[in-house]
Amino acid sequence: MIHQSKSYIKFIRLSKNRHGVHSPFVYDLVTKCFNDKKTYPEYEILKSHRKALRSDTSMVEMKDFGQGSRVFKGNARKVSAVVKNAGMRKKRQKLLFRIAKYFNSENILELGTSLGLGTVALSLSNEFSAIHTVEGCPNTLLKAQEYFEKFNLHNIQIHQEIFSDFLSESRSFGTETFDLIFIDGDHNGERTLGYFHSLLKHVHNDSLIIFDDIYWSKDMTAAWQQIIANEKVTVSIDTFQWGLVFFRKEQPKQHFMIRV
Ligand SMILES: C[S@@+](CC[C@H](N)C(=O)[O-])C[C@H]1O[C@@H](n2cnc3c(N)ncnc32)[C@H](O)[C@@H]1O
């Protein structure tokens, strides 16, 4: 927590809004996507989905395969409480929707489904896209799936697997590439770096990888620093909660800190 607070103060001091951004690619992303104030009809579906989960008082035995929760103690958790206390915030969910829509992402990978708040945002960004979402906990995934079906979201493929197994060499995913990858689970620096390296063979020139919680801990921030220093990464954007990396060869290597 001290690390997060100190990092936030530094972020506020160094970050910019659109006015300080001289890269046309990043300027357009900030003005046309990050700052897009349009009310999309899909926001209503996000709202109804969240509302349905928030009214779900069933208990689910959830095993967290990552660093665990800073909110919950035991494994038996009420669905409504998970959404309320640990789920992705509305503002972020809408931003994820807009990012996937802005880049017209068709083949999407999410590591860390949980109850599917992020998955639904990705799914709604383009009905013709394919969303692969990976979650280690079978019970959590079942609950998420129940709501994907209730909301008629048919472009989601769930994978109940540990991230490292899903990404292992022997998997049939082969040389498939993703347009957008959202890593929202297992906030461990070393493992996050491992996922990044495994994923490098699944990215193309216009892919984007989003890392959640890059200031969760010192080791997550250290991993983020190594990721942005990687020679394959050209543009990187730190929005404090999320770190975005691009591989566009036509861009000079440049790092941005942007308030969203
Ligand atoms: C922060 S939650 C994901 C939130 C979700 N994306 C959303 O939008 O609400 C992280 C999830 O990732 C799962 N997870 C963490 N590490 C994992 C791993 N190594 N393998 C599989 N699942 C993992 C946890 O079980 C947890 O459900």
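**Fold and surface of a predicted model**

The accessible surface of the protein comes to about 12700 Å², by the Shrake-Rupley method with a 1.4 Å probe. Carbon and sulfur atoms own 51% of that surface. This is a predicted model: local features need pLDDT of at least 70, side-chain atom pairs count only at pLDDT 80 or more, and totals for chains, interfaces and linings use all residues. Residues are numbered from 1 along each chain as its sequence is written, and side-chain values use heavy atoms, with hydrogens and water left out.

The protein has 10 helices and 10 strands. These are DSSP runs (helices H or I, at least four residues; strands E, at least two), numbered from the N terminus. The radius of gyration is 18 Å, close to the 18 Å that the globule rule gives for 260 residues, so the protein is as compact as a globular protein of that length. The radius is taken over C-alpha atoms, and the rule is 2.2 Å times the number of residues to the power 0.38. Along the principal axes, the C-alpha atoms fill a box of roughly 50 × 40 × 40 Å.

Of the 260 residues, 53% are buried, meaning under 20% relative accessible area with a 1.4 Å probe, protein chains only.

Now take strand β3, residues 107-111. Here 5 of 5 residues are buried. Both faces are covered. N107, L109 and L111 lie on one side, I108 and E110 on the other. Strand β4 (residues 130-135) runs parallel to β3, and 5 bridges join the two. Strands pair if DSSP finds at least two bridges between them. I108 has I131 of β4 as its bridge partner.

How values were computed. Buried means under 20% relative accessible area, exposed over 50%, partly exposed in between (1.4 Å probe, protein chains only).
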